Amino acid sequence: MNKNTLAYLGLALLLPGVANSMHIAEGFLPASWCIGWWAVYLAVLIAGFSSLKKTIGEHPNAKLLFAAVGAYVFILSSLKLPSVAGSSSHLTGIALGALLFGASSMSVVGLIVLLFQALLLAHGGLTTLGANGFSMAVCGAFSAVWAFRLLKGLKAPQWLAVGSASFVSNLVIYSCTSAQLAVAFADSTASFTSNLIKFLSIFAVTQLPLAAIEAVFTVLAFQYIQRTSNAEIQQLNPNLYETKNTHIPA
Amino acid sequence: MKRKTHIYLLSGCLLVLLIQFLATDLFPGFTGTDDQSVELIQQIAPGYQPWAKHLIEFDQPWAEPVLFALQAIIGLSVIGYFVWKQSKKKA
């Protein structure tokens with residue numbers, strides 16, 4: 001992929017349509033759950049910030065690459081696409097940065113994107129940011145890394161491992177959101193399982209084709225970065241291309 | 001930028017407009033999954049009242065698409081700078 005192709009990708013993602021995000025809306029999670037998810041997210045955020053600071057300190061050349069993978073999340077999460085069953089949803093773009101910089105560092109990107117959307121776009125919310133950040137930037141990022149490791153362990157080609165990581169990450173984000181809502185609203189009349197099935201029927205079904213689209217975008221973006229920033233990748237993740245001992249910092 | 005690049009970018013813009021048309025005009029009834037989840041919460045827990053509201057909400061219908069476009073433009077600007085720096089590095 002050359003720079004023109006990347007320029008296309010960027011343009012194709014610039015959809016000024018009204019976006020209805022995957023986030024739990026402001027006030028639509030009981031206060032106790034909001035506090036709990038904020039606490040968990042903050043813990044990962046502190047670890048992620050520390051990991052990122054260390055990585056950037058050791059590899060100052062990777063700053064621009066990190067900005068680019070953050071921008072990739074910024075663009076993809078602004079994109080609404082129609083999907084099956086008369087619904088529409090979002091791509092997330094978390095997997096790319098997670099593979100290059102480690103899963104926890106994406107919590108920092110997640111915070112920036114979710115704050116922007118909560119404050120300016122009235123999507124998601126400040127009270128639900130902990131829950132949304134946990135599903136998008138923690139579950140999404142770690143699942144991408146684990147899927148990548150698994151596929152590389154099975155000696156899958158690089159494009160398949162990256163694409164699968166992105167696909168899995170997208171689906172895990174929405175499944176996590178479903179679980180968060182299901183557990184928060186479980187009571188004697190509505191069990192966790194029945195709630196989960198109901199929320200999954202909204203999120204997961206819509207996300208399947210969109211996750212496949214995101215996988216294609218992520219493979220193309222990864223290949224471009226691999227071609228143009230190979231030195232930075234080798235410094236960040238010397239074993240990223242290895243079939244064995246693939247290590248991505250957490 | 002080379003002439004070929006300009007043609008590619010222009011084609012990309014047209015593609016964006018086409019996708020925009022398809023996404024918003026051909027599928028006007030497509031509701032976002034978050035709106036559907038709010039409806040489902042109200043079905044599961046009819047007595048639940050949201051306990052917080054957005055700090056800022058824009059009444060104008062154009063505000064939201066414009067702000068989402070702004071988000072995409074910020075991201076595209078950074079990626080554009082990254083691509084430019086990489087191409088300069090190669091040259």
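**View 1. The second largest pocket of the predicted model holds about 400 Å³ of space.** A pocket is an open set of points on a 1 Å grid over the protein atoms alone, where a 1.4 Å probe fits, with protein on both sides within 12 Å along at least five of seven lines. Its volume is the space filled by probe spheres set on the points, which are joined across faces, edges and corners. The lining comprises 23 residues, and A:Leu121, A:Ala122, A:His123, B:His54 and B:Glu57 are the closest to the centre; lining residues have an atom within 4 Å of a point. Helices α2 (33-44) and α3 (63-90) of chain B each give two or more residues to this lining. Helices are DSSP runs of H or I with at least four residues, numbered from the N terminus.

This is a predicted model in which local features need pLDDT of at least 70 and side-chain atom pairs count only at pLDDT 80 or more, while totals for chains, interfaces and linings use all residues. Residues are numbered from 1 along each chain as its sequence is written, chains are lettered from A and ligands numbered from 1 in the order in which they are written, and side-chain values use heavy atoms, without hydrogens and water.

**View 2. B:Gly75 lies in helix α3 of chain B.** Beyond its neighbours within four places in sequence, B:Gly75 is in contact with A:Ala71, A:Phe74 and A:Ile75 (heavy atoms within 4.5 Å).

**View 3. Residues 66-84 of chain B carry the UniProt annotation "transmembrane region", from an unreviewed entry.** Such annotations may be inferred rather than shown by experiment. The stretch 66-84 of chain B is 100% helix and 0% strand (strands being DSSP runs of E with at least two residues), and its end C-alpha atoms are 26 Å apart.
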